Amino acid sequence: MSFEIKEHYEGVPVVDVDPFSPETLRSPEAFWADLRDVGPVAYIPRYGNYILSRYEEVRQAQADWRALTTAAGAGMSDIRKADHWRPASVIVEVDPPRHTEVRKVLNKVIAPPIVRGWRERFEEDAQQMADQLVAKGRFDGVRDVAEAYVLKVFPESIGLDINREQAVAVGDLNFNGIGPKNELLLQAQEKVAPFLEWWHSSIKGETIKPGGFGELLFNGEATGEVPKGMAGALTSTFLRGGLDTTISSIGSALWLLASHPDQWQLLKERPELLRNTFDETLRMESPISTNFRTTASGPCQISGFTLQGDKKVQLLLGAANRDPRRWDKPDTFDITRDASAHVSFGNGIHACAGQLIARLEFDCIIKALLQRVAKLELDGPVRHRPNNALRTLETLPLRITLHA
Ligand code: HEM
């Protein structure tokens, strides 16, 4: 299938499809390929926004905060409008100079030496978990590995307790909120309702546990180093941005490695390829598969097309990571590839602040399994969890064989 262009919106090809339909969300690859072939930019009339699917344009749009702001929200709806249901993120949804100030605070509490200091604890937890998994022989790669591991190590680093049910409800709402007000978003809003009180009461100076970077933020607020109100807002941003994304990356890697036994074997022979494996997983399965920018008040240019001012622009990160204009054999999972130029962490001023943490978690848990498991195989049907913007697995049955 390919799109037949019958009309244009101010010179931009119109594609009358729903990027958030259940079928497209389930298997987006064919839609991405067709949309990339339409051109550098298209217009989606049902939502009244532009859409970018090619690598060069997505990368440019992520970085160009002057022409394409996040201050109107990282999702489809305009958070500046009065009827919007949530406040702006204090870091993702602000432009400089405010963004620069907040990012400075944030970079301090998760500076590389701080994150490197977590390695021992993260490794110990991974080794323990891998011993338990190996004893079982069969397990679920999402529930028993990705979710269990991330929920053990990451909230502890912040100084919070969060269980699986709470994490899934908050994550579903957060990422469904990037898309339109469809069935997925309405269901997520309903599912999160019982946890809202817990959410608001647990992210406070009095309830945060000592030893994590949540404490650093609240102490900083008390001494005036961190602006008032910022500690709670940043702590909740970390939780919203740092759980589902890393769970997705670990789950997707186990899925890709189990379904490509030659790559598992290669990684066992050459464990130094773990770094590439992380990037290649993020390229193949971008945890945040889409988000939005908004054009500034005046028109802007993208690859020779004029985009009207004050319009939402959807960025398809997943499609950009599979663009054959940028990647050789883009649909092949190849851990010898240097995929570090993927767009899954964004780039420019809003580039992911938690990359080191994500890589540390991934390294520790995949390495612990790699050391023990000779063969990793799928042990039943694999299912993704439907979401407007988060590409993540729900079920990943795995079977392992140990070394003789
Ligand atoms: C594999 C895991 C992760 C992925 C794929 C990911 C992806 C992203 C992306 C795409 C952005 C840019 C958003 C934009 O340009 O609009 C971003 C920003 C951000 N991420 Fe991550 N993230 C991951 C892990 C984490 C973790 C563990 C944390 C926890 C600290 C985190 C915290 C943040 C923050 C605070 C920002 C906002 C940065 C800013 O606006 O200056 N992320 N992330």
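Which helix holds Arg103? Arg103 sits in helix H4, residues 98-109. The model is predicted.

**Arg103**
- Arg103 is buried but makes no salt bridge.
- Asp95 is the nearest side chain of opposite charge, and it is 12 Å away.
- A polar atom of the Arg103 side chain lies 2.7 Å from the backbone oxygen of Ala351.
- Beyond its neighbours within four places in sequence, Arg103 contacts Ile91, Ile349, His350, Ala351, Cys352 and Ala353.

**Cavities**
- Across the whole structure, a search finds three cavities of 30 Å³ or more.
- The volume of the largest cavity is about 1,000 Å³.
- Its lining comprises 45 residues, and those closest to the centre are Val92, Gly241, Thr245, Ile288 and Cys352.
- Elements giving two or more residues to this lining are H4, helix H8 (164-176), helix H12 (230-242), helix H13 (244-259), helix H15 (274-284), strand E7 (290-295) and helix H17 (355-372).
- H12 supplies the largest share of the lining of the largest cavity, with five residues.
- Cys352 links two topics: it is in contact with Arg103, and it is among the residues closest to the centre of the largest cavity.

**Largest pocket**
- The largest pocket has a volume of about 610 Å³.
- Lining this pocket are 21 residues, and Pro87, Trp199, His200, Ser236 and Arg240 lie nearest its centre.
- H8, helix H9 (183-192), helix H10 (196-202) and H12 each give two or more residues to the lining of the largest pocket.
- The largest share of that lining, five residues, again comes from H12.

**Helix H3 and Glu57**
- Helix H3 spans residues 55-63, and its buried residues are Tyr55, Glu57, Val58, Ala61 and Gln62.
- These buried residues pack against strand E4 (49-52), strand E5 (68-69), E7, strand E8 (300-302), strand E10 (312-316) and helix H16 (317-320).
- Why does Glu57 count as buried? Its relative accessible area is 8%, and buried means under 20%.
- Leaving out residues up to four places away in sequence, Glu57 touches Pro40, Leu52, Ile302 and Ser303.
- Glu57 and Ile302 are 245 residues apart along the chain, yet their C-alpha atoms are separated by 7.1 Å.

**Helix H15**
- H15 is largely enclosed by the rest of the structure, because 10 of its 11 residues are buried.
- The buried residues are Leu274, Asn276, Thr277, Phe278, Asp279, Glu280, Thr281, Leu282, Arg283 and Met284.
- They pack against H13, helix H14 (261-269) and H17.
- H15 also gives two or more residues to the lining of the largest cavity.

**Backbone features**
- Pro96 and Pro97 are joined by a cis peptide bond, with omega about 5°.
- Pro97 lies in the loop between E5 and H4.
- Glu10 is not a glycine, yet its phi is positive, about 50°.
- Glu10 lies in the loop between strand E1 (8-9) and strand E2 (12-13).
- Glu10 is exposed, with a relative accessible area of 53%.
- Lys329 is not a glycine either, and its phi is positive at about 40°.
- Lys329 lies in the loop between H16 and H17.
- Lys329 is exposed, with a relative accessible area of 57%.

Key. Residues numbered from 1 in each chain as written. Predicted model: local features only at pLDDT ≥ 70, side-chain atom pairs only at ≥ 80, totals over all residues. Heavy atoms only, no water. Helix = DSSP H or I, 4+ residues; strand = E, 2+ residues; numbered from the N terminus. Buried < 20%, exposed > 50% of the residue type's maximum accessible area, 1.4 Å probe, protein only. Lys, Arg positive; Asp, Glu negative; His and termini not counted. Salt bridge = Lys/Arg side-chain N within 4 Å of Asp/Glu carboxyl O. Polar contact = N/O pair within 3.5 Å; in protein donor to acceptor, adjacent residues only side chain to side chain. Contact = heavy atoms within 4.5 Å. 1 Å grid on protein atoms, 1.4 Å probe; cavity = no way out; pocket = protein on both sides within 12 Å on 5 of 7 lines; lining within 4 Å. Points joined across faces, edges and corners; volume = space filled by probe spheres on them.
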